[in-house]
Amino acid sequence: MNSSRNSSGGRHQEKKKPLKSSSKKFDAKRKFSDSSKPKTFKSSSESEGAKRPQRFETKKYEGDRKSLNTSKEKPSTKKTVSNPEVDGIRLNKYISNAGICSRREADVYIAAGNATVNGKIVTEMGYKVKLTDEVRFDGSSINPEAKRYVLLNKPKNFITTMDDDRGRKTVMELVANASKERIYPVGRLDRNTTGLLLFTNDGEIAKKLTHPKHNIQKLYHASLDKKLAMSDLNKISEGFMLDDKRVIVDEISYIINQPKEEVGVKIHSGRNRIVRRIFEHFGYTVVKLDRVVFAGLTKKDLPRGHWRHLTEMEVNNLKML
């Protein structure tokens with residue numbers, strides 16, 4: 001017997017659930033286009049392009065944004081450059097720039113009380129000084145200006161001094177336009193001696209080139225009033241006593257293809273007028289004296305009375321002596 005009855009029979013008839021269609025073509029919400037029009041299909045790249053803006057549009061947009069003034073939105077990433085005249089520089093760097101020593105060595109000297117600023121001893125690490133401050137190291141005034149190295153081929157009748165109260169011509173007149181920094185002659189050349197003379201504001205280099213322990217060699221061309229005897233040449237070469245001090249000449253020889261009056265002398269002694277005094281000791285007078293080599297520097301392409309700046313390689317060579 002059928003248990004389901006109609007409404008007139010008193011029992012509610014059970015509704016059957018519709019079966020789900022397995023067909024993927026059926027979509028109640030899908031809207032179909034006019035069947036008369038042919039269907040068109042888009043490639044995957046076109047579909048992606050429809051979903052998102054193309055790359056060139058993005059670049060153009062970003063470019064427009066960069067052209068806007070966004071200084072208020074983003075902080076500047078540029079590094080600020082300190083001004084030594086306003087902010088000052090560390091004392092150890094100041095001493096190092098002055099050519100005294102390295103920064104690390106300067107820290108040791110500062111801690112030991114070797115440096116003063118405006119008359120007061122400073123031992124604080126990282127202490128900053130301004131360019132207007134008076135800085136002294138071991139009692140001597142120093143400054144951190146750029147290092148200059150000027151080589152002069154000195155003529156006769158100029159004295160090696162900063163100034164002369166007797167109004168004589170000085171070597172400083174010859175290098176007056178060589179540097180805006182104040183430079184000083186390294187060592188001395190007599191008034192009548194010609195040749196190479198170095199000027200610098202690098203105290204460390206100047207000290208090295210003049211201190212006897214560094215054995216800085218100089219080569220002179222001496223013109224004598226008469227022929228130098230071979231016996232005297234040998235005596236000079238072997239070394240001799242002069243004013244209770246032994247004189248040692250590195251090399252001495254006649255100049256090739258020149259008369260016996262022309263002699264070359266290589267020496268590292270820094271004693272005053274030493275070359276002239278050597279020949280005077282043996283009865284000779286030096287008529288002309290020309291320094292042709294100094295600490296490896298030569299007169300090549302440097303006319304008498306002219307100056308030039310040292311090359312970077314020449315400066316490095318001096319520092320390695």
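**Entry 1: packing of helix H9**

I looked up what the buried residues of H9 pack against, and I found strand S7 (149-154), strand S9 (193-200), helix H6 (203-210), strand S16 (297-298) and strand S17 (307-309). Contact here means heavy atoms within 4.5 Å. Helices (H or I, at least four residues) and strands (E, at least two) are DSSP runs, numbered from the N terminus. The model is predicted: local features need pLDDT of at least 70, side-chain atom pairs count only at pLDDT 80 or more, and totals for chains, interfaces and linings use all residues. Residues are numbered from 1 along each chain as its sequence is written, and side-chain values use heavy atoms, with hydrogens and water left out.

I then asked which residues of H9 (residues 312-320) are buried. They are Glu314, Val315 and Leu318. Seen down the axis of H9, these buried residues fall within an arc of 100°, so they line one face of the helix; the arc is that of the directions from the helix axis to the C-beta atoms. On the face turned away from the buried side of H9, I noted the exposed residues Glu312, Met313 and Met320. For these terms, buried means under 20% relative accessible area, exposed means over 50%, and partly exposed lies in between (1.4 Å probe, protein chains only).

**Entry 2: strand S15 and its partners**

I followed the pairing of S15 next; two strands pair if DSSP finds at least two bridges between them. S9 and S15 run parallel and are joined by 3 bridges. Within this pairing, I recorded Arg291 in S15 as the bridge partner of Gly195. S10 and S15 run antiparallel, with 7 bridges between them; His221 stands opposite Asp290 in S15. S15 and S16 also pair, running antiparallel with 2 bridges, and Val293 has Thr298 in S16 as its bridge partner.

The hairpin of S15 and S16 has 2 residues between the strands, and Ala295 takes a positive phi near 55° there.

**Entry 3: Leu289**

Is Leu289 buried or exposed? At 5% relative accessibility, Leu289 counts as buried. Leu289 lies in strand S15 (residues 286-294). Leaving aside neighbours within four places in sequence, I found Leu289 in contact with Asn192, Thr193, Thr194, Tyr220, His221, Ala222, Val275 and Arg276. I also noted that Leu289 and Gly264 are 25 residues apart along the chain, with their C-alpha atoms separated by 9.9 Å.

Most residues other than glycine have a negative phi. Asn157 lies in the loop between S7 and strand S8 (184-185) and is partly exposed, with a relative accessible area of 36%.

Asn215 also has a positive phi, of about 50°, although it is not a glycine. I located Asn215 in the loop between H6 and strand S10 (218-224). Asn215 is partly exposed, with a relative accessible area of 42%.

**Entry 4: Arg277**

I found Arg277 in helix H8 (residues 274-281). Which residues does Arg277 contact, leaving aside its neighbours within four places in sequence? They are Leu242, Asp243, Arg271 and Asn272. A polar atom of the Arg277 side chain lies 3.1 Å from the backbone oxygen of Asn272.

Technical notes:
Polar contact = N/O pair within 3.5 Å; in protein donor to acceptor, adjacent residues only side chain to side chain.
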